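Reader: I have some questions about how the labels on this structure were assigned. Please set each value against its rule.

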Amino acid sequence: MTVAVIDYGAGNLKSAAKALSHAAKATGEDVIVTADPDVIARADRIVLPGVGAFAECKRGLEAVPGVVAAMSEAVLDKGRPFLGICVGMQLMATVGVEYGEHPGLDWIKGKVVKLTPSDPALKIPQMGWNDLRLRQPQHPIFGGLATGAHGYFVHSYHYLLDRPEDLLADVDYGGPVAAAIGRDNLVGVQFHPEKSQAVGLALLGNFLRWNP
Amino acid sequence: MLKMRVIPCLDVKDGRVVKGVNFVNLVDAGDPVEQAKLYDAAGADELTFLDITASSENRDTLYDVVSKTAEACFMPLTVGGGVRKSEDIRKLLLAGADKVSINTAAVNDPDFVKQAAQKFGDQCIVVSIDAKETSPGKFEIFTHGGRNPTGIDAVTFAKRMAENGAGELLVTSMDRDGTKAGYNLALTRAIADAVTVPVIASGGVGSLDDLVAGIREGHATAVLAASIFHFGTFTIGQAKAHMVKAGLEMRLER
């Protein structure tokens, strides 16, 4: 079994791969950092990390020929489990509005917009640990976790879902902010499981064991 | 709700942890990777390495330390000290750092911060501001461990750095660093109130009340300390418990 971590120059690639490899010690998967469309299309699971700006990440992803098509084949046609992390989650949106309007993968309907907390004293980016409110606690990626578990967030933009049923968890940051989203074989987390100590490793382990 | 952060800082020289009073009289206190693991287990919210290796020939020890730490600790890691070029940032991120802090290079060339933020993303660029209170309510940027005055107003500089794309500001009071007299709260607050990005208070922690004051009165959202944790005066757990008792929102599990 292989887990393909998509390599498109995202800054936190190494962190995500290291944490997945650590979590995979228990499940036995091979974690492969790759930009090879053949490897991606054949992978049993796909992880898309990402930090930085939406458009920059989208450009990076599209700059590697065949990667988006291979991801779509594995995820949409073959139904392989997919995990998007931070901007990797945001890229699943219909559109992102960071530095202009840019189309996303349109895998989970929604829009990525600037955080506008109701309390003006709240800082942008949201940086640090926030407690998750699990909206679908029975979802397999939350195995062993409960509302109140903390994830590590660093972001200035957030995902506004078109369909409320795609929300898996949120946090309060001057209003509700999507922390985990998903449908079918797709999940995305706004926080960084690779940086969220025991909670993050548990979530990554759950993803590796998930058979949607 | 977002929790306030407690960040232990390890001063690293030639691959070893040191921490001294006002940056002199350095005392060797251990292996950075082992220290990082202890802080990870203790529930530190982030970890910062400040590399104070003077010579570039010993810089490679840092990448090795960062890489080994990132393999063992799944928590946010910021690395600073001697970051001058885009290539330095790239190497640190590739070694496993999540954020890189820029100090002197930001003072010498503010556009370097802008370029770095555009290239690597705002979220991984921390600008480290070292300031001294030169007259009451006036704060000036100093470089070279507090030896060189620059004539630059710290608050004006902080605003410019936030505009240039710094995702976070680490504000160190150089006249307090290592003194255990508490943060310079007027400095922290002046900067925190002037920018929309998060501010980390640093320099001078001697008691747990100082950590509370950094947030309450300094308006920081994170507090950094070295000596009090490092020499075992207090544990991370004691610090957080004290902050909760003072009414601050903290993350207590790990």
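Reader: Why is B:Glu46 called buried?

Author: In this predicted model, B:Glu46 has a relative accessibility of 0%. Buried means under 20%, so B:Glu46 counts as buried.

Reader: What makes B:Glu46 and B:Lys99 a salt bridge?

Author: Their closest N and O atoms are 3.1 Å apart. The rule asks for a Lys or Arg side-chain nitrogen within 4 Å of a carboxyl oxygen of Asp or Glu, so the pair qualifies. B:Glu46 sits in the loop between H1 and S4 of chain B and B:Lys99 in strand S6 (residues 99-102), so the bridge ties together parts that are 53 residues apart in sequence.

Reader: Is B:Lys99 buried or exposed?

Author: B:Lys99 has a relative accessible area of 2%. The limit for buried is under 20%, so B:Lys99 is buried.

Reader: Which residues are linked with B:Glu46 and B:Lys99 in a network of salt bridges?

Author: B:Arg5 and B:Glu168 are linked with them in that network.

Reader: What places B:Val79 in contact with B:Lys99?

Author: Contact means heavy atoms within 4.5 Å, and B:Lys99 is on the contact list of B:Val79. Neighbours within four places in sequence are left aside in that list, which also includes B:Phe49, B:Leu62, B:Val66 and B:Leu92. The C-alpha atoms of B:Val79 and B:Lys99 are separated by 6.4 Å, and the two residues are 20 residues apart along the chain. B:Val79 belongs to strand S5 (residues 77-80) of chain B.

Reader: Why does B:Val79 count as buried?

Author: The relative accessible area of B:Val79 is 0%. Buried requires under 20%, so B:Val79 is buried.

Reader: What makes B:Asp45 and B:Arg251 a salt bridge?

Author: The closest N and O atoms of B:Asp45 and B:Arg251 are 3.0 Å apart. With a cut-off of within 4 Å, the pair therefore counts as a salt bridge. The bridge links distant parts of the chain, 206 residues apart: B:Asp45 is in the loop between helix H1 (32-42) and strand S4 (47-51) of chain B, and B:Arg251 is in the segment after helix H10 (236-245).

Reader: Are the two partners buried or exposed?

Author: B:Asp45 has a relative accessible area of 0% and is buried. B:Arg251 has 1% and is buried.

Reader: Why are A:Asp106 and A:Lys109 called partly exposed?

Author: A:Asp106 has a relative accessible area of 31%, and A:Lys109 has 40% relative accessibility. Buried is under 20% and exposed is over 50%, with partly exposed in between, so A:Asp106 is partly exposed and A:Lys109 is partly exposed. The two form a salt bridge, with their closest N and O atoms 2.9 Å apart.

Reader: How many salt bridges are found over all chains, and how many across the interface of chain A and chain B?

Author: The search of the whole structure finds 24. Across the interface of chain A and chain B there are three. B:Lys3 forms a salt bridge with A:Asp131, the closest N and O atoms being 2.8 Å apart. S8(A) gives the most to the side of chain A that touches chain B, with six residues.

Reader: What else describes the interface of chain A and chain B?

Author: In chain A, 31 residues are in contact with 34 residues of chain B. The buried area is about 2,800 Å², with 53% of it from carbon and sulfur atoms. Between the chains, 19 residue pairs are in polar contact. The chain A side divides into 13 nonpolar, eleven polar and seven charged residues.

Reader: Why does A:His192 count as buried?

Author: A:His192 has 6% relative accessibility. The limit is under 20%, so A:His192 counts as buried. A:His192 lies in the loop between strand S14 (186-189) and H6 of chain A. The residues that A:His192 touches include A:Asn12, A:Gly50, A:Tyr152 and A:Val154.

Reader: What makes A:His192 and A:Glu194 a polar contact?

Author: Their side chains are joined at 2.8 Å. The cut-off for a pair of N or O atoms is within 3.5 Å, so the pair counts as a polar contact.

Reader: How confident is the predictor in chain B?

Author: Chain B averages a pLDDT of 90, and 94% of the residues score at least 70. Over residues 20-27 of chain B, pLDDT stays under 50. The model scores ipTM 0.92 and pTM 0.94.

Terms used. Residues are numbered from 1 along each chain as its sequence is written. Chains are lettered from A and ligands numbered from 1 in the order in which they are written. This is a predicted model: local features need pLDDT of at least 70, side-chain atom pairs count only at pLDDT 80 or more; totals for chains, interfaces and linings use all residues. Side-chain values use heavy atoms; hydrogens and water are left out. pLDDT is the predictor's confidence in each residue, from 0 to 100. Buried area is the accessible area (1.4 Å probe) that two parts lose on being put together, summed over both. A polar contact is a pair of N or O atoms within 3.5 Å; within protein, one must be able to donate a hydrogen and the other to accept it, and residues adjacent in sequence count only if both atoms are side-chain atoms. Helices (H or I, at least four residues) and strands (E, at least two) are DSSP runs, numbered from the N terminus. Ala, Val, Leu, Ile, Met, Phe, Trp, Tyr, Cys and Pro count as nonpolar, Asp, Glu, Lys and Arg as charged, and the others, Gly among them, as polar. Buried means under 20% relative accessible area, exposed over 50%, partly exposed in between (1.4 Å probe, protein chains only).
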